[in-house]
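This report describes packing and chain contact in the structure shown below.

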2 protein chains.
Amino acid sequence: MSRDKEATRNKILDAALDVFANKGYHDTKLDEIANESATSKGSIYFHFPNKERLFLSLVDQFSDLLEKQTRKAIESEPEGIGRVKIALTTVLETFARYRRPAKVLLVQAMGLGQPFEQKRLEVNERFARMIAEYLEEAIEAGEIPIEDIDVEFTSHAWIGAIYHLVIRWVYTGEPSSEKIVHELVPMLLRTVGHQTEPSDSKPADSA
Amino acid sequence: MSRDKEATRNKILDAALDVFANKGYHDTKLDEIANESATSKGSIYFHFPNKERLFLSLVDQFSDLLEKQTRKAIESEPEGIGRVKIALTTVLETFARYRRPAKVLLVQAMGLGQPFEQKRLEVNERFARMIAEYLEEAIEAGEIPIEDIDVEFTSHAWIGAIYHLVIRWVYTGEPSSEKIVHELVPMLLRTVGHQTEPSDSKPADSA
């Protein structure tokens with residue numbers, strides 16, 4: 001894709017994110033996205049065959065970002081429970097930093113019918129596999145105290161807890177995203193037998 | 001409400017559950033519900049001002065059932081971690097027994113916009129409060145090893161894990177609902193420091 005075309009595509013995706021996050025899928029009109037992105041309906045159709053594909057592209061874009069951030073964050077950490085912890089923290093912090101994409105991915109993509117459900121299942125499986133991979137490594141490294149944990153099951157349970165608290169935060173602002181990271185990561189690690197202190201993180205006043 | 005009217009109302013709700021679970025909210029027509037329930041559109045409108053209210057009544061009906069089953073199940077158990085365990089087990093078993101209402105409540109009520117989100121938040125807060133209540137009792141009874149747990153936060157994290165695994169089961173049938181109950185309850189109890197054995201449950205052949 002040429003630079004210009006890619007720039008236009010990104011402008012459209014940015015504007016679409018705004019409009020979808022504000023109005024929801026059904027009430028969003030491509031005209032508004034064209035307006036908001038200072039492009040045209042023609043340009044939108046050039047890049048995306050229809051509203052559905054545009055929406056699904058946003059979901060893909062955000063899940064790529066989430067995975068990339070997480071893979072990058074664990075890079076310098078040796079295999080083991082440390083990676084699991086960093087992966088969970090990064091996923092939560094990324095949701096916190098990107099509240100609108102979080103809303104589109106976790107809330108608005110639901111209940112829209114087949115192709116959307118398909119995509120959601122695909123994204124969920126992708127994250128579950130990533131977390132399961134780090135859990136497997138931690139087991140190999142002898143760092144998981146609970147024997148015979150089902151890594152697939154565990155990672156789905158974790159994802160459920162993460163999604164639910166992020167969705168609640170998107171709607172209510174409560175509890176703060178800092179608190180979610182601070183409390184949830186040690187809580188999830190306890191499910192595999194890790195008793196980390198919640199006071200693990202930096203002290204309030206940084207010296 | 002007279003007996004007859006109530007019977008009709010229930011017939012409509014039963015049929016609506018079928019049709020919504022099969023077609024989703026948007027593609028459901030009141031005509032089909034009238035057909036399926038052997039009533040008429042007139043009767044439907046007598047009981048429910050519109051499709052939205054009918055759908056929301058189903059959500060209420062199922063959350064009432066979930067709460068009633070749970071309250072009944074814990075009744076004979078003394079306050080403490082035992083109640084928490086029974087409550088979690090009952091919620092999971094009720095979802096397992098009622099797969100279609102689970103689908104309507106957990107999947108199809110999402111992404112439908114304001115009044116539906118409102119209802120979902122309301123249902124979530126209601127269950128979170130119920131679980132938080134049993135957790136508070138267990139703390140009072142000195143049966144929660146982890147100090148200073150945030151019962152509201154914990155119960156929402158639990159609900160998230162439960163919903164996610166139930167939704168996944170509704171879509172994929174995996175893992176079996178028995179496995180979900182068997183693995184998830186001890187896993188969630190570990191988040192508050194309880195190391196119960198997963199082999200807690202009855203043996204395969206009941207003597």
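In this predicted model, Ile81(A), Arg83(A), Val84(A) and Ala87(A) of α5(A) meet a set of residues in α7(A), namely Met130(A), Ile131(A), Tyr134(A), Leu135(A), Glu137(A) and Ala138(A).

The geometry of the pair is as follows. Helix α5 of chain A covers residues 81-97 and helix α7 of chain A covers residues 114-140; their axes come within 7 Å and cross at roughly 160°. Because angles over 145 degrees count as roughly antiparallel, α5(A) is roughly antiparallel to α7(A). The crossing of α5(A) and α7(A) is left-handed.

The contact between the chains draws 28 residues from chain A and 28 residues from chain B. On the side of chain B that touches chain A, the helices listed below each supply at least two residues.

| Helix of chain B | Residue range |
|---|---|
| α6 | 99-108 |
| α8 | 151-172 |
| α9 | 177-190 |

Helix α8(B) gives the largest share of that side, eleven residues. In terms of class, the side of chain B that touches chain A holds 16 nonpolar, eight polar and four charged residues.

The largest nonpolar core has 118 residues. Those with the most contacts inside this core are Ile162 and Leu184 of chain A, together with Ile162 and Leu184 of chain B. Apart from neighbours within four places in sequence, Ile162(B) is in contact with Val91(B), Leu92(B) and Leu184(B). In soluble globular proteins, nonpolar side chains tend to be buried together.

Notes:
Residues are numbered from 1 along each chain as its sequence is written. Chains are lettered from A and ligands numbered from 1 in the order in which they are written. This is a predicted model: local features need pLDDT of at least 70, side-chain atom pairs count only at pLDDT 80 or more; totals for chains, interfaces and linings use all residues. A nonpolar core is a set of buried Ala, Val, Leu, Ile, Met, Phe, Trp, Tyr and Cys residues joined through C-beta atoms within 7 Å. A residue is buried if 20 or more other C-beta atoms lie within 10 Å of its own, exposed if 12 or fewer, and partly exposed in between; C-beta atoms are placed from the backbone. Two residues are in contact if their C-beta atoms, placed from the backbone, lie within 7 Å. Helices (H or I, at least four residues) and strands (E, at least two) are DSSP runs, numbered from the N terminus. Ala, Val, Leu, Ile, Met, Phe, Trp, Tyr, Cys and Pro count as nonpolar, Asp, Glu, Lys and Arg as charged, and the others, Gly among them, as polar. Axes are lines fitted to C-alpha atoms, for helices over the stretch in contact, and angles run from 0 to 180 degrees between N-to-C directions. Angles under 35 degrees count as roughly parallel, over 145 as roughly antiparallel, 65 to 115 as roughly perpendicular and the rest as oblique. A crossing is left-handed if the near helix is turned anticlockwise from the far one by less than a right angle, and right-handed if clockwise.
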